[in-house]
Every structure is written in C-alpha cells, then in structure tokens.
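Here is a short briefing on one protein chain. Look at the fold first, then follow the topics below.

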Amino acid sequence: MVQGMLEVLLVGAKGLENTDYLCNMDPYAILKCRSQEQKSSVASGKGSDPEWNETFMFSVTHNATELIIKLMDSDSGTDDDFVGEATIPLEAIYTEGSIPPTVYNVVKDEEYRGEIKVGLTFTPEDDRDRGLSEEDIGGWKQSS
C-alpha cells in the first residue's frame, strides 16, 4: 500500500462567476482529501480572478483517489456562497511523483464556472518508517 504526503499548491483561479452583485467577491477554497479538510485564506476583494499561492499538506494512501476543491465566497453577515468545485483525480500523482500547476474546470450544477490552477507533489513514505511512531498515534510531537 502506497502511503505518503500529498503537497497541494493552490495557485489561483480565473473566470469565476461573481456571486456578489454590488462588489467583488471574497473567494476562498476548501480542500478535501478523504476525511481531511483544509481551508485557504480569503482573497479579499479579488473577485473572479483570485490568487492564493498557498501550499497544503495531506497524509494520504493510494486509496485516496481524488482531491476536491470547493470554492466559496466569504460574506459577512450572511452564509458564504458556493461558487463551484473542482475534482482532481490523484491516480497519476502516485506514479508521476509530481504534476506541475495545471488548470482544472470549476463546475456548479454540472455547468462550467471558471477554472482553478493547482500543482501536486506526492512524497512516498519510506518502507522502514511504516512502524507506528509517536507521530502516527496523534499526540503532539515532543520537541528536543
């Protein structure tokens, strides 16, 4: 079973549907890989073409088959608006090791809503590191 770390570089998005009619939207991304979820910063006032250039790390095994990126518009006072989402297949990353920033379609209600640019890097764990260590159990790592 392949196991390791998936590094996700969230570069930016283009041509997103603006959900705020009076001003530019404040987009952010929720990245989900199986049960793990992480959130980007809010690109305040960046509207339809936000840039993040943020990196996220996920602990994965080969049965993690996709990364889902949900794009949201941060609204103060009301619920955040769903802008769209991109589903990125992970099969190729396990054999390739890395995929340079690539453009993926953002969809909502099965319709194209813009594009998102994401880079991926997979670093497999060494076989000899597969024994349970303190880090795998889930406590804080002791600093030396």
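Helices (H or I, at least four residues) and strands (E, at least two) are DSSP runs, numbered from the N terminus. Asp109 sits in the loop between strands β7 (98-108) and β8. This is a predicted model: local features need pLDDT of at least 70, side-chain atom pairs count only at pLDDT 80 or more, and totals for chains, interfaces and linings use all residues. Residues are numbered from 1 along each chain as its sequence is written, and side-chain values use heavy atoms, with hydrogens and water left out.

**Overall fold**

- The chain holds 2 helices and 8 strands.
- From the N terminus on, their order is β-β-β-β-β-β-α-β-β-α.
- Buried means under 20% relative accessible area, exposed means over 50%, and partly exposed lies in between (1.4 Å probe, protein chains only).
- The chain has 144 residues, and buried ones make up 35% of them.
- Contact means heavy atoms within 4.5 Å.
- Take the contacts between residues at least 6 apart in sequence: 59% of them join residues at least 24 apart.

**Rings and a charge**

- Rings of Phe, Tyr and Trp (its six-membered ring) pair if their centres lie within 6.5 Å; planes under 30 degrees apart count as stacked, over 60 as edge-to-face and the rest as tilted.
- This rule gives 1 aromatic pair.
- The ring centres of Tyr94 and Phe122 are 5.0 Å apart and the planes stand at 90 degrees, so the pair is edge-to-face.
- The pair links distant parts of the chain, 28 residues apart: Tyr94 is in helix α1 (residues 91-96) and Phe122 is in strand β8 (residues 111-124).
- Both Tyr94 and Phe122 are buried.
- A charge sits over a ring if NZ of Lys or CZ of Arg is within 6 Å of the ring centre and within 35 degrees of the ring normal.
- Lys39 lies over the face of Tyr28, 4.5 Å from the ring centre.

**Positive phi angles**

- Asn53 is not a glycine, yet its phi is positive, at about 50 degrees.
- Asn53 belongs to strand β4 (residues 51-61).
- With a relative accessible area of 49%, Asn53 is partly exposed.
- Asp109, also a residue other than glycine, has a positive phi near 55 degrees.
- The relative accessible area of Asp109 is 62%, so Asp109 is exposed.

- Pro100 is in strand β7.
- Its relative accessibility is 57%, so Pro100 counts as exposed.
- Leaving aside neighbours within four places in sequence, Pro100 is in contact with Val118 and Gly119.
- The C-alpha atoms of Pro100 and Thr121 are 8.2 Å apart, while the two residues are 21 apart along the chain.

**The largest pocket**

- On a 1 Å grid over the protein atoms alone, a pocket is an open set of points where a 1.4 Å probe fits, with protein on both sides within 12 Å along at least five of seven lines; lining residues have an atom within 4 Å of a point.
- Grid points are joined across faces, edges and corners, and a volume is the space filled by probe spheres set on the points.
- The largest pocket has a volume of about 160 Å³.
- The largest share, 4 residues, comes from β1.
- Lining residues include Val11, Lys14, Asp49, Val103 and Glu115.
- Ala, Val, Leu, Ile, Met, Phe, Trp, Tyr, Cys and Pro count as nonpolar, Asp, Glu, Lys and Arg as charged, and the others, Gly among them, as polar.
- By class, the lining has 5 nonpolar, 1 polar and 5 charged residues.
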